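The structure is shown first.

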Amino acid sequence: MTATIPTLFEWAGGTPAFELLFNKFYDKVLADELLEPVFKHMSPLHRMHVAHFVSEVFGGPKTYSETEGSHYAMINKHLQKHLTEAHRKRWIELLLQTADELSLPDDPEFRSAFMAYLEWGTRIAVLNSQTDNTTESPDTPMPKWGWGVPGDHTFPEIIKHVCKMTGVQGQHIIITALLAFMFG
């Protein structure tokens, strides 16, 4: 009999773990000098929507996409928010701090996948926040994140996506910029 590999969602503790994580995390966000101005007008349901979105991305139930929104809707929530790198880094810092306080799994495999998604997702959020419209299709599928396949995409698909989002013509420019960013 072959063992089934759990999803990131299952490994983290399922819906209760993600709902608690984002509930406690947004308490911190609203008490944070840098992030509070960005989030002070969020809906009371925002916490649960984000918990359900991330749960679904990590292999959990399709609660977000079937009853609360879509990937396209999530992208649109970030338009014209003018998020900065400082916002992005602080958001990640507080979320990781909350994950530690709640004893989310801290094994290297889970935390590297978790961190990779946070890096990918927050960088896309910052990019989308600088514009007033999206080039994404309304039927853009939800991202899927696993134990080592970033976003369920191949590298060429990621490059095409970044070119489309930024309007840059020529994938070589994006690849050069990514390599310069990654390796200084």
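## Basis

Axes are lines fitted to C-alpha atoms, for helices over the stretch in contact, and angles run from 0 to 180 degrees between N-to-C directions. Helices are DSSP runs (H or I, at least four residues), numbered from the N terminus.

The model is predicted, so local features need pLDDT of at least 70 and side-chain atom pairs pLDDT 80 or more, while totals for chains, interfaces and linings use all residues. Residues are numbered from 1 along each chain as its sequence is written, and side-chain values use heavy atoms, without hydrogens or water.

## Helix packing

Helix α7 (residues 85-101) and helix α8 (residues 108-129) cross at roughly 150°, and their axes come within 10 Å. The pair α7 and α8 is therefore roughly antiparallel (over 145 degrees).

Helix α2 (residues 14-30) packs on helix α4 (residues 46-57) at about 135°, with the axes 8 Å apart.

## The loop between α7 and α8

Ser103 lies in the loop between α7 and α8. Its phi is near 60°, a positive value in a residue other than glycine. With a relative accessible area of 61%, Ser103 is exposed (over 50%, 1.4 Å probe, protein chains only).

## Ile5

Ile5 is in the segment before α1 (8-12). Ile5 counts as exposed because its relative accessibility is 66%.

How values were computed:
Helix = DSSP H or I, 4+ residues; strand = E, 2+ residues; numbered from the N terminus. Buried < 20%, exposed > 50% of the residue type's maximum accessible area, 1.4 Å probe, protein only. Parallel < 35°, antiparallel > 145°, perpendicular 65-115°, else oblique.
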